[in-house]
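Subject: Structure for you to look at

Hello,

Here is the structure I said I would pass on. Please open it first and read the notes with it in view.

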Amino acid sequence: MESIFERLWRLGPAAFVLKAIVAAAVADGIFLAFILLRRTYRKWYFAKRDARVFALRQGWDKLISGAIPYETWRNKALDRRIVESIALDALEAAGAEESARLLKFLRESGLLEKRIFEARKFNGWRRMRALVALGQTRAPEGIPALAEGLRARDMETRLAALRGLGRMASPQAAAEILTWVGERGLCVPALPLQSALIQCCAERPQQLIPYLQHATGPLRETLGRVLGEVATPALSQDLLEFVGDDLDELRAAAARAMSHAERGLAFDVLNELVSDPVWFVRLRAIISLGTLCEARAIPDLIRGLTDSHRLVRLRAAEALVKLRSELVPIFQKVVETQDRYGLQAYLTALENASLRGELEGELQAGSPGSSVAQKKLWKILQAGVLLADEPEMAESGAAKSAWLP
Amino acid sequence: MIRLLDFLNHTLFWYYLASNLSYLAMLIVALKTSAVHQRRLKSYRLEWFKESPLAPPVTIIAPAHNEEQSIRVAVRNLLELDYSQLEVIIVNDGSEDRTLEEMREEFRLRPVRAVYIPEAKSAAVRGLYRSETNASLLVVDKEPGGSKADAVNAGLNAATSPYVCIVDADSVLERDALLRIMVPIMADPKRVVAVGGIIRVLNGSEIEGGYLKRVRLPRKSIEVIQVIEYLRAFLIGREAWGQGNMLTIISGAFGVFRTDLVRAVGGYRPQAIGEDFDLVTRLHRYLLEKGTDYRIHFVPDPMCWTEVPSDLQSLGRQRARWQKGLLDVLWPNRDMLFRPRFGRIGCLALPYLWLFELFAPVIEIAGIITIIVAGCLGVLSREFALQFLLFGYAFATVISIGSVLQEEITYKRYNDWQDVIRLVSYCFLEHFPYRQMHMLWRLQGLWQYFRGDVVWKPLKRKGLESARAR
């Protein structure tokens, strides 16, 4: 009987195998040549570029003041790219005065105009590069071109425009982004959109509210998350309408934003949100209460300490130890909860904040009620667990351990 | 006899062709995916995420066993990672040397009662310590558990963040590695439940103060071949599987997981031989059984550098263990095979692992033997067999050089010309006799498994010891 190799040889696949060998060898050759040529080209290019960067940096002040005529470098592609990248890098770290000087240079040298032209007329990677560079300039006249980029068919171009607008970090840029998402919905990944909006809406967060009211689905969640990050006390009343929202993310955003709100209102709202059925809404509410750092938050934080979710308990404990003036009364309340997980979380937070010694000192110095109660608290603090003569504690702990997250 | 030989030759031919074609397909997918990934990265400003409120808290868990030489550098390296909300938990897994004392001195540890709820199985904890110099450092001192899984579980029980990042204490993470690995989670926190980063070979590179100073190719051939293997496995294999949400392994040396889910599946399985593979497979099972819409990502840019075995004996032991680990996970999960409810994992990823990873050494060795026997019996077309061998060789080098190309056009960590020439040369040299030895080690692993030799034995590594000396 013939072997498969003989049959293949006779039927013709041998020719295929031969061709395959040749193809594989050619592929190997192409790969190797590509690696070789690419390395050689990069070596040559970077050496040339470094030399030009050095030369241009030598006369940088004269160059941006216009003492060296713009035409001397503007018509050479490599020089133009280098000058622009040095100017944009400098803009990133520049103060107000230096920024104005650099922006004036970009305008007068025509670099800005060129980028606006490229962002409008070109396609593909050249357009993307222009969009990102325009954002880096933070020049308001670049915003319309960036807004056009948001409406491009290609996702990568839209992302580049979004990135550029994010760099602008201005209310005008925020308005363009919001108008666009209002028209088209969420047509880019949420993270770059959030990132750009957080940067742009920091100055005027109220811009978000009308869009948030009309948005639906994932866009609503995304905008809610942004609002949670940028909200200010001035937005307190506007935030109220999101406290009872159906979307968990939006309630969480409202809880997060409440840490920036007017205190009276914030406590009322957070008091409601710490009982939310969704754990991350409760978590956000507890963190906000911790940020507010006031004694009237204690009952809610104690409630958070007995939460079914571990993270909520831990954050509640961290928030409680921030209230240093109330160490003994808080500890007493923690013990009264008879919750060993809560106690453990509280003692951990206390030790992490190096406040254990302070609590011990306070317990020794003054009586919180009776000397018996004080002794009991002292014993619990030393043992780190609830005392064994309290049967309900063991029950509550055992019951909780069965459904812990 | 001849019929049998013919059948085996047929099997070998189609098996080899399918295996190589699947790898070629993965190479194409990986080249495209990494190009897209590179472009996407430009949309995110990593510097901005450093202090971003969008970055969720992360707990790094690093088990350490007898690491007195390198533990100071390793912990400092972890604490200095670029990430805003970071907690570092070092699990001292019953070290018999001065590992704990070294940390105590360096970071001024004091005993604390940290939240420790034994949800995942682990050996008894002796004590918990918090650093006075850096409150984000917690040390869990525990009885030896005999496995990395046991130590990680102890860290998991003490973790307080919604995400945990599992690393090896003797690995070197690049400063922005954590930030980069968290990007998919920040982009889609609802669906992304785990992310794996890339593991690169540390041998030969220069390290200073726990940081990678200069990437160089190792000197020994056996190490260079492993560099190619790692490039192929991560830049092609995992990139492609990750793209299809079919990633079944997130390396135990560097991966991020959602804490609640890892706890929900009971943490790492202490008896598991390949604990990383086991965990990811159980996560897939758990989420698919619940009908959850989820993603497990691989990202090729957050880099973790680790030491690989530098002698044949250690390498052989490691590969045998990997093969045992593979069988140890695939066999208990055989009910997932071809079940529609387990989607692509059950219908594609796991069958691929059975066929081209688990059975590979058996089929290849059987194939080689039958070709030899057929040759001896005179029923083999020698010309064609030679051509087929050449084809296989050329094809395999295409895949290897493809992975080097992928490295060149994306991350380009080997800058030295000499290194690249050596790397490419080994793409041609690794197929003989290394590949055959590799098959034998894997067969040995299977044999050991069936014999019941399934005890987890850690490899002896020099790790950052050498870094410290420099």
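This is a predicted model: local features need pLDDT of at least 70, side-chain atom pairs count only at pLDDT 80 or more; totals for chains, interfaces and linings use all residues.

The predictor gives the complex an ipTM of 0.77 and a pTM of 0.84. For chain B the mean pLDDT is 89, with 95% of its residues at 70 or more. Within chain B, strand E6 (residues 163-167) has the highest confidence, at 97, and helix H16 (residues 465-469) the lowest, at a mean of 44. Over residues 466-470 of chain B, pLDDT stays under 50, and the model has 9 contacts beyond four places in sequence for this stretch.

Chain A

The secondary structure of chain A consists of 25 helices and 0 strands. Chain A is more spread out than a compact globule, because its radius of gyration is 32 Å, well over the 22 Å that the globule rule gives for 405 residues. Its C-alpha trace spans about 90 × 85 × 45 Å along the principal axes. Of the 405 residues in chain A, 40% are buried. Among contacts in chain A with a separation of 6 or more, 66% join residues 24 or more positions apart.

Chain A is divided into domain 1 (110-229), domain 2 (231-292) and domain 3 (294-405). Between the C-alpha centres of domain 1 and domain 3 of chain A there are 48 Å.

Where chain A meets chain B

Here 43 residues of chain A are in contact with 46 residues of chain B. On the chain A side, the elements that give two or more residues are helices H1 (4-11), H2 (13-58), H10 (155-168), H12 (190-201), H20 and H22 of chain A. H2(A) gives the most, with 15 residues. By type, the residues on the chain A side are 28 nonpolar, 7 polar and 8 charged.

One helix in more detail

Helix H20 of chain A (residues 310-322) is on that list, so to speak of its shape: H20(A) has 13 residues and reaches 19 Å from its first C-alpha to its last, close to the 18 Å expected at 1.5 Å a residue.

Is H20(A) mostly covered or mostly open? It is mostly covered, with 12 of its 13 residues buried. Among the buried residues are A:Arg310, A:Arg313, A:Arg315 and A:Glu318, as well as A:Leu311 and A:Val312. What covers the buried residues of H20(A) includes helices H18 (279-292), H19 (298-305), H21 (327-336) and H22 (340-352) of chain A.

Regards

Key: Residues are numbered from 1 along each chain as its sequence is written. Chains are lettered from A and ligands numbered from 1 in the order in which they are written. Helices (H or I, at least four residues) and strands (E, at least two) are DSSP runs, numbered from the N terminus. The expected span of a helix is 1.5 Å times one less than its number of residues. A residue is buried if 20 or more other C-beta atoms lie within 10 Å of its own, exposed if 12 or fewer, and partly exposed in between; C-beta atoms are placed from the backbone. Two residues are in contact if their C-beta atoms, placed from the backbone, lie within 7 Å. Domain bounds come from an automatic or database domain assignment. Ala, Val, Leu, Ile, Met, Phe, Trp, Tyr, Cys and Pro count as nonpolar, Asp, Glu, Lys and Arg as charged, and the others, Gly among them, as polar. pLDDT is the predictor's confidence in each residue, from 0 to 100. The radius of gyration is taken over C-alpha atoms; the globule rule is 2.2 Å times the number of residues to the power 0.38.
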